[in-house]
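Welcome! Please take a look at the model below before reading on.

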Amino acid sequence: MSKRKRLLLSLGLVTLVLFLSACGNTESITSDSTGFWDGFVIYNFSRFIIALSELFGNNYGVGIIIFTIIIRVILIPLNYFQTKSTQKMQKIQPQVKALQEKYPSKDTQTRELLQAETSRLYSENGVNPYAGCLPALVQMPVMIALYQAISRTEILSSSNFLWMNLGERDPYFVLPILAAILTYFTSKLTMMSQVDGGGQTKVMLYMMPALILFMGSTLPSALSLYWVISNAFSVGQTLILNNPYTIIAEREAEERANRERERALERAKNPKKKRRKK
């Protein structure tokens with residue numbers, strides 16, 4: 001999937017969250033709620049958060065934090081798969097660019113040839129271009145369900161945590177700002193490990209934190225709390241599973257080794273040149 005399509009998908013998913021959050025059902029969630037979404041998903045989210053909160057003296061903010069960590073732990077295999085897929089994608093980027101240079105024309109036949117060759121390249125290297133979007137696709141329903149579980153469960157929407165009412169926006173915008181900062185660092189760490197960040201990736205670097213800041217400033221503070229913990233988890237997970245500093249060091253070491261091999265081959269081909277220098 002191209003960077004432009006990933007950008008559009010991310011913006012579309014955020015817009016979907018805003019739309020569904022604003023236009024969702026506002027009836028209270030109880031054991032009598034019916035339907036798959038209300039009676040099964042949202043009700044069980046609500047009940048699970050309340051159960052976790054009761055373990056910590058009915059502290060519903062702590063319940064949301066523990067709930068978020070559990071969700072992120074569940075998503076670790078999916079994120080690991082995404083990380084490996086992204087690494088494979090980065091390795092074949094030079095070949096993808098070569099194909100784009102080979103088929104530069106924009107006519108339908110040439111574009112079909114480029115698409116076929118690119119798909120073959122992905123298949124041969126075990127790359128799934130859509131794998132990078134899977135965690136986002138999974139987390140969006142979780143965020144929508146969390147928002148509705150908080151806003152439609154009276155005990156959660158009226159509870160306080162630190163300086164906030166969980167059902168209302170953060171009055172001091174502390175959590176939205178923290179969520180935006182952590183979103184930036186998550187994106188920055190991901191971008192650092194890429195061979196070519198590209199202009200559109202840099203747009204994402206600033207666009208997503210801005211959107212998170214805007215949404216966190218308008219939606220219940222419980223959702224901002226979820227984003228803060230989730231993105232803090234992402235930063236730690238990235239440093240462990242896909243540490244960009246390690247990747248950059250390994251890439252530089254490989255490049256140095258390649259240059260040394262090329263120089264050794266050049267010296268082997270031109271021994272007289274080497275002696276002349278002496």
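Predicted model: local features only at pLDDT ≥ 70, side-chain atom pairs only at ≥ 80, totals over all residues.

Residues are numbered from 1 along each chain as its sequence is written, and side-chain values use heavy atoms, leaving out hydrogens and water.

**The core**

A nonpolar core is a set of buried Ala, Val, Leu, Ile, Met, Phe, Trp, Tyr and Cys residues joined through side-chain atoms within 4.5 Å. Buried means under 20% relative accessible area, exposed over 50%, and partly exposed in between, with a 1.4 Å probe and protein chains only. The largest nonpolar core has 39 residues, and Phe45, Ile64, Phe67, Leu146, Leu223, Tyr226 and Trp227 touch the most other members. Helices that give two or more residues to this core include H2 (35-54), H3 (60-74) and H11 (221-241); helices are DSSP runs (H or I, at least four residues), numbered from the N terminus. Apart from this core lies another one of eight residues, among them Met89, Ile92, Val96 and Val127.

**Helix H11**

H11 has 21 residues and reaches 30 Å from its first C-alpha to its last, close to the 30 Å expected at 1.5 Å a residue. That expected span is 1.5 Å times one less than the number of residues. Because 15 of its 21 residues are buried, H11 is largely enclosed by the rest of the structure.

**A surface patch**

Ile69, Val73, Ile76, Tyr80, Ile240 and Leu241 form a nonpolar patch on the surface, with about 520 Å² of accessible area together. Such patches join nonpolar side chains (Val, Leu, Ile, Met, Phe, Trp, Tyr) within 5 Å, using residues with over 30% relative accessible area and no salt bridge. The areas come from the Shrake-Rupley method with a 1.4 Å probe, and for residues only the protein chains shown count as cover.

**Salt bridges**

The structure holds three salt bridges, each a side-chain nitrogen of Lys or Arg within 4 Å of a carboxyl oxygen of Asp or Glu.

| Pair | N to O distance |
|---|---|
| Arg152 and Asp38 | 3.0 Å |
| Glu117 and Arg120 | 2.7 Å |
| Arg263 and Glu260 | 2.6 Å |

Arg152 lies in the loop between H7 and helix H8 (154-157) and Asp38 in helix H2, so this pair ties together parts that are 114 residues apart in sequence. Arg152 is buried, with a relative accessible area of 3%. Arg263 and Glu260 both lie in helix H12 (residues 244-269), three residues apart.

Methods. Patch = residues over 30% accessible without salt bridge, like charges linked within 9 Å, V, L, I, M, F, W, Y side chains within 5 Å.
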